[in-house]
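The following report describes a model of two chains for a reader who works from coordinates. Sequence and structure are shown first.

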Amino acid sequence: MNNHWRTLFLAFLVLVSTGCTRKTGAAAPQPTVFGSVLVESSGGKQMGATGTVLAQPVVVQINDDQGNAVSNALVEFSGPAGVSFDPSSGPTDSSGQLSTNVTLGSMAGRYQLTAHTFTKAQKPVELKIEEIALGYQQMVGYQLDNKYCARCHNSESSAERVSNYDNLEVKPHPFTEGDTLNKMSDVDLTAIIGHGGPALNKSALMPPYSYTLSKTEIEALIAYIRLISDPPYHASGTVYAKK
Amino acid sequence: MSAFGTVSLLLLIALAIAPAKNHFSEWRHYQKQYLALIRDRGEAVTLQRHFRGGIQQIWLPQLGVVDRCTTCHVGLKEASLADVTTQPFRQHPVIPHTLDQFGCVMCHRGQGPATTVEEAHRSTLAWEQPILPAKYVQSSCGQCHRAPLTGTPQLNLGRTLLTRYGCVHCHTIKLPDGSVIQPTDDPPSLEHIADKTTREWIYAWLKDPQAYAVTATMPNFKLSDPDARDISAFLISDSTPLAGDTEPAPKNEKTPDPTAGASLYGESFCASCHAVQNAAGNVVGGDIGPELTRVGTKAKPEWLRAWLRNPRVYDSGTAMPHYRFTDPQLSLLTSFLGNKTDSDFLANVHLDAATPGQIAHGKLLVTEYGCASCHEINGIKKPDNFAPELTRIGSKPLTQVIFLPGMTHALPDYIAAKIRQPRSFGAALKMPQFSLAPAQVDALTTALLALTDRAHDLPTALTVPAKQPSNYQPAGEAGKLMDDMACFTCHAINGRGGDLAPDLTWEGSSVQREWLLAFLKNPGTLRPALIRRMPRFNISDDDAKELTDYIMTVYQTPAFDRDSMPTSGYPATQVEQGRQLFYSKYACQSCHIVDTKVDKGYIGPTLTQVGSRLTAPWIYHWLKDPQAMRPGSIEPNRNMSDEDARALTAFLMMQKSSSKGAKK
């Protein structure tokens, strides 16, 4: 009987020890070049549908203390569950950069991605990059924003679409302006979109859309506005009595 | 005795197996986990009341849906679980359908009746359809919805790419309604190619189309040097000359001024359709016509001149309008475009004179690669069903699929890999290499995955049909003129045409005759902020009159009579009331300009002369319901009272053009 316990105990020990050992044998060759700072070159703050590849790759750059780009230093990317990178790690190129295609997870929301590298002293260096995944509802909102709202609410102009923001006497709130919009309840947002500025004693330059957009469309627009707001919006939700 | 005891013990154990298996089943484990999860939440009582233990099932016989997913995914309908991120307890994101309408596998695939994680989500021996990865989920919308949806940009893009990149030239795709997807690209005919370009250009283009134009949709056939040499030899020898294409420019002509050429290119709004890559590498311009970055390296000057004079001679169906340029203008543009060259493109191309053997081999290759599926080529018939039909590709049995080593054994991965690198499945395959971004590959895969057996077998009541393509053709002389000027490239009428410019179906009810006549002769801009505008076609007075008469007579709405309200003479009080409404209640100045000194709205058309442009009933009905007059208009419907709409109409009708004595 004693023998059995011993065997079991030994087996347990073996299992635990194998489980704890990190596989290092087949890992990529150790980097020989190190930088000290990770900076984002491009690709942050993008929006894409859930589960899809972001339109632009995320590009990060490794610099040394003097701010010069470091080539051949190792960068690794990581993110929340469901996010994948292609490639997920690799050496920086001759201009000190590594570019990766990011596939977003399947839930709508903000995704914080991290790029990692090490300094020569093996000190970890991290860079946080945020991306936004639009679910079905937010995607509808995004399209409606593009069609109806962005011409006034987004001050950025392009040759294809000139912004009207600068021409307006009363400036509209950009949808990312969390400081203002997060204080407004869903009911208020619905009222102002549906019945126009005067519904909340605000400017008549904001026209009412309740005869143009459906209830579902207005809800979608609000879901989108809530998702892209900066600082992020936290729904207060229904308050239940504590048990 | 002891034997009897052992047997009964064994029997007891055997009897206990079934209940024990049931007791320890995965789904019970998840249900217990769920109950533990909600126990401490504030809304526990509500959640517990909603919870139903045991196997749950959504059964929709006419859809063939038997889904037990809700057995483990218990919180799908619980809005209060928005903060829960662990599966299988997440709340389902908001979509336009409910679980009870369609179940789960209609959108997510997988094995609905299964009650274990493995069987439900992954392909097993008995079930090969695993859960669809989230990135392709829009394909499921496409099973019923044949028209583009606001919420499915990826599917819409994929469907556009299928027709725009010419996939359907080679692959037949029959839709469940019996129609066949038609390509929307217009690959040029090669019947007179020798007029247009040189053999060297054809060779370099065949070797790498994207080296000539980054936006080229022509795929790379990965031809060897001798094969490209032979195909170019055949195409040149096969080409027949076209009268006019080789006519040289008139003699004794001054060297055209390059800046004047650039301004003519700009004034003619060539960039609305054609793109040019700038020094920074950005492609700027429209994508209706081919990119012109290196057009001088490709097009022979004589041909370019003939094409600009009247493109319809070379290609009767071209989207390019007939501009009616004068001879000096033709010289300006020909020289301007001819200077867009890139000496690197043809630098390393040196071809010896073609031998009959090379030409014959070239012809063989052209037949083998199915070039005639896209291009018209003298003496070669367009092949039927050149490539496999893709009508039900979204349900292709995995047993018929050959996977590459190391590939995930799933249909979406196979389709995506096949689009991304067709030749990786065999060097001898004919499918060429397309230049597609990762997002475009995913979009195409999504569009193809929508072509399932289920899409074909759905009850017709459930399908949402696409808008039927219209082959509307205006009649008579005006019809010929409209074809000549390619109006349908930008404007839609009665369901046919592009969406770059306003729909003209009811133009005759909308505008005043004098304005239209003047506009056709010399189009001014209505929306100053737009970079893509109506070009000037230099049409004759007779042609302008012909077109105006046709538009005014034929394109009228049945909704009202355009003469039912006067064009002027509104009472001053009503006009003043309209002005008040314009500036205060409706704040129209946020998007429109009536008084250039005060107003700054650049979104809608400028209204400074609207009283000379539009008819009063059109303005009135537009104010009442813009989308009824022009579907998709972004002007919000203000639910205006009749009185307000009449006053605003009066105010706007008083905004006349200066020649008629403006108010201000």
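How many helices and strands does the secondary structure of chain A come to? It comes to five helices and nine strands, where helices (H or I, at least four residues) and strands (E, at least two) are DSSP runs numbered from the N terminus. The model is predicted: local features need pLDDT of at least 70 and side-chain atom pairs count only at pLDDT 80 or more, whereas totals for chains, interfaces and linings use all residues. Residues are numbered from 1 along each chain as its sequence is written, and chains are lettered from A and ligands numbered from 1 in the order in which they are written.

**Chain A: order and sheet**

From the N terminus on, the elements of chain A run α-β-β-β-β-β-β-β-β-β-α-α-α-α. Of its 243 residues, 31% count as buried; a residue is buried if 20 or more other C-beta atoms, placed from the backbone, lie within 10 Å of its own, exposed if 12 or fewer, and partly exposed in between. Among contacts in chain A between residues at least 6 apart in sequence, 56% join residues at least 24 apart, a contact being a pair of residues whose C-beta atoms, placed from the backbone, lie within 7 Å.

Four strands of chain A form an open sheet in the order β1-β3-β7-β5, with antiparallel pairing. Two strands pair if DSSP finds at least two bridges between them. The edges are β1 (37–42) and β5 (84–86) of chain A, each of which pairs on one side only. On average, neighbouring strands of this sheet are turned by 35° against each other, direction ignored.

The pairings can be followed across the sheet. β1(A) and strand β3 (residues 58–63) of chain A are joined in the antiparallel sense over five bridges, and A:Val37 has A:Asn63 in β3(A) as its bridge partner. β3(A) in turn pairs with β7(A) in the antiparallel sense over four bridges; here A:Val60 stands opposite A:Leu98 in β7(A). β5(A) and β7(A) pair in the antiparallel sense over three bridges, and the bridge partner of A:Asp86 in β7(A) is A:Asn101.

**Helix packing in both chains**

Two packed helices are described by the angle between their axes and the distance between the axes. Axes are lines fitted to C-alpha atoms, for helices over the stretch in contact, and angles run from 0 to 180 degrees between N-to-C directions.

| Helix pair | Crossing angle | Axis distance |
|---|---|---|
| α2 (136–153) and α5 (215–228), chain A | roughly 95° | within 7 Å |
| α13 (225–238) and α19 (356–368), chain B | about 95° | 7 Å |
| α8 (153–164) and α21 (438–449), chain B | about 90° | 7 Å |

The axes of α2(A) and α5(A) cross at roughly 95°, which makes α2(A) roughly perpendicular to α5(A); angles under 35 degrees count as roughly parallel, over 145 as roughly antiparallel, 65 to 115 as roughly perpendicular and the rest as oblique. Residues of α2(A) in this contact include A:Val140, A:Tyr142 and A:Leu144, and those of α5(A) include A:Leu221, A:Tyr224 and A:Leu227. The contact residues divide into eight nonpolar, three polar and two charged. In this classification Ala, Val, Leu, Ile, Met, Phe, Trp, Tyr, Cys and Pro count as nonpolar, Asp, Glu, Lys and Arg as charged, and the others, Gly among them, as polar.

In chain B, α13(B) and α19(B) pack at an angle of about 95°, so α13(B) is roughly perpendicular to α19(B). Among the residues making this contact are B:Asp227, B:Arg229 and B:Phe234 of α13(B) and B:His361, B:Lys363 and B:Leu365 of α19(B). They divide into six nonpolar, four polar and four charged. α8(B) and α21(B) are likewise roughly perpendicular to each other. Their contact includes B:Leu155, B:Arg159 and B:Leu162 of α8(B) and B:Asp442, B:Leu444 and B:Thr446 of α21(B), and its residues divide into seven nonpolar, four polar and two charged.

**The interface between the chains**

Between the chains, 37 residues of chain A are in contact with 34 residues of chain B. On the side of chain A that touches chain B, β7 (97–103) and α2 each supply at least two residues. α2(A) gives the most to this side, with eight residues. The residues of this side divide into 19 nonpolar, 13 polar and five charged.

Chain B is divided into domain 1 (25–131), domain 2 (142–184 + 392–462), domain 3 (193–338), domain 4 (476–554) and domain 5 (572–660), with bounds that come from an automatic or database domain assignment. The centres of domain 1 and domain 2 of chain B, taken over C-alpha atoms, are separated by 29 Å.

B:Val610 lies in helix α29 (residues 610–613) of chain B. B:Val610 counts as buried because it has 21 C-beta neighbours inside 10 Å. Not counting residues up to four places away in sequence, B:Val610 touches B:Leu652 and B:Gln655. B:Val610 and B:Val511 are 99 residues apart in sequence and 9.4 Å apart in space, C-alpha to C-alpha.

Notes. Two residues are in contact if their C-beta atoms, placed from the backbone, lie within 7 Å.
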